[in-house]
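This report is meant for a reader who is meeting the structure for the first time. Please look over the sequence and the model before reading on.

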Amino acid sequence: MHTTLVEVGPRDGLQNEDVILSTEDKIELIRRSVAAGIRRVEAVSFVHPQRVPQMADAEEVMAGVPRRDGVSYIGLVLNRRGLDRALAARVDEVNVVVVATDTFCVRNQGCTTAEALDAWDDIAAAAIEAGVPASMTIAAAFGCPFEGETAPSQVVELARRARDAGAVEIALADTIGVGVPGQVRELTRRVREAAPAVPLRFHFHNTRNTGYANAIAAVEEGVTVLDASTGGFGGCPFAPAATGNIATEDLLYSLHRMGIDTGVSMSTVVDTADWLGDRLGKPTPALLGRAGTFPAPSP
């Protein structure tokens, strides 16, 4: 069995940090991730620099990433202007975020969910015309910091819109880390019924220490693509008390101990997490570097 990890540290991992890394350090983080064996990297987001100053150098980062066969770089976009920038920067995939609740959507990207869906339709059509795959991330799929529980029916409806516009993948994001394994199983089954031909990906945060259990629940449901962030850094600047993503190295430990292949070197990711923590001037939230492995799984 194989699970693909999408490394989101260069984007989601850095966007909520007070320290803004240099362009060179961002490229080095990506280079180290690729050297570890990661083959899909969410490298940048093409958003307004006043909204997310940590991502202001997206074009410069994309100009410096290592271009290798089999490595795909994802750019997050929210509108047509962002897509135009992403295409000019030669991303391999575009990912569009649509928040499942209006209040959070307005705070996150300045529009309602319905307006974000209209933008998605336009972006997806243009990306397809340009020959670039487009995926949709349904943010706050498990719960919203402003509206509470997210109705599964709302997530299913967004998944249908993603399918109808030609999404190559649907990512369900527990943006604020409120989900539990039972919800993962329910959403997986319901979204698969609505969009059976579209592969699923999950994006978990570990705010309430359920992120790794949720990831394993997704794997047990047959999901083969998971987001993770080296060191466990991350969060959303527009979600109160948002904490980091599940850590790439901690997730690798669980998957490798379960006998699941990822093609990623856990020890290399641990070293990268230490390096990143030094650059950010803070300890990594991940546990593996402190606890060690028992016994050391391979790879």
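Which unit do β2, helix α3 and β3 make? In this predicted model, β2, helix α3 (residues 58-64) and β3 form a right-handed β-α-β unit.

## Strand β3 and its neighbours

Strand β2, which spans residues 40-46, pairs with β3 in the parallel sense, and six bridges link the two strands. Within this pairing, Glu42 is found opposite Ile74 of β3.

Strand β4 (residues 93-99) also runs parallel to β3, to which it is joined by four bridges, and here Val77 stands opposite Val96 in β4. A right-handed β-α-β unit is made by β3, helix α4 (residues 80-88) and β4.

## Burial of strand β3

Six of the six residues of strand β3 (residues 72-77) are buried, so the strand is largely enclosed by the rest of the structure. In a regular strand, side chains alternate between the two faces of the sheet. In β3, Ser72, Ile74 and Leu76 point one way, whereas Tyr73, Gly75 and Val77 point the other way, and all are buried.

## Helix α9

Helix α9, covering residues 211-220, is mostly covered, with seven of its ten residues buried. These buried residues are Gly211, Asn214, Ala215, Ile216, Ala217, Ala218 and Val219.

The elements against which the buried residues of α9 pack are the strands β8 (170-174), β9 (200-204) and β10 (225-228), together with the helices α8 (181-194) and α10 (248-257). Just after α9 comes Gly222, which takes a positive phi of about 95°.

Notes: Residues are numbered from 1 along each chain as its sequence is written. This is a predicted model: local features need pLDDT of at least 70, side-chain atom pairs count only at pLDDT 80 or more; totals for chains, interfaces and linings use all residues. Side-chain values use heavy atoms; hydrogens and water are left out. Buried means under 20% relative accessible area, exposed over 50%, partly exposed in between (1.4 Å probe, protein chains only). Two strands pair if DSSP finds at least two bridges between them. A crossover is right-handed if, with the strands pointing away from the viewer, the path from the first strand over the helix to the second runs clockwise. Contact means heavy atoms within 4.5 Å.
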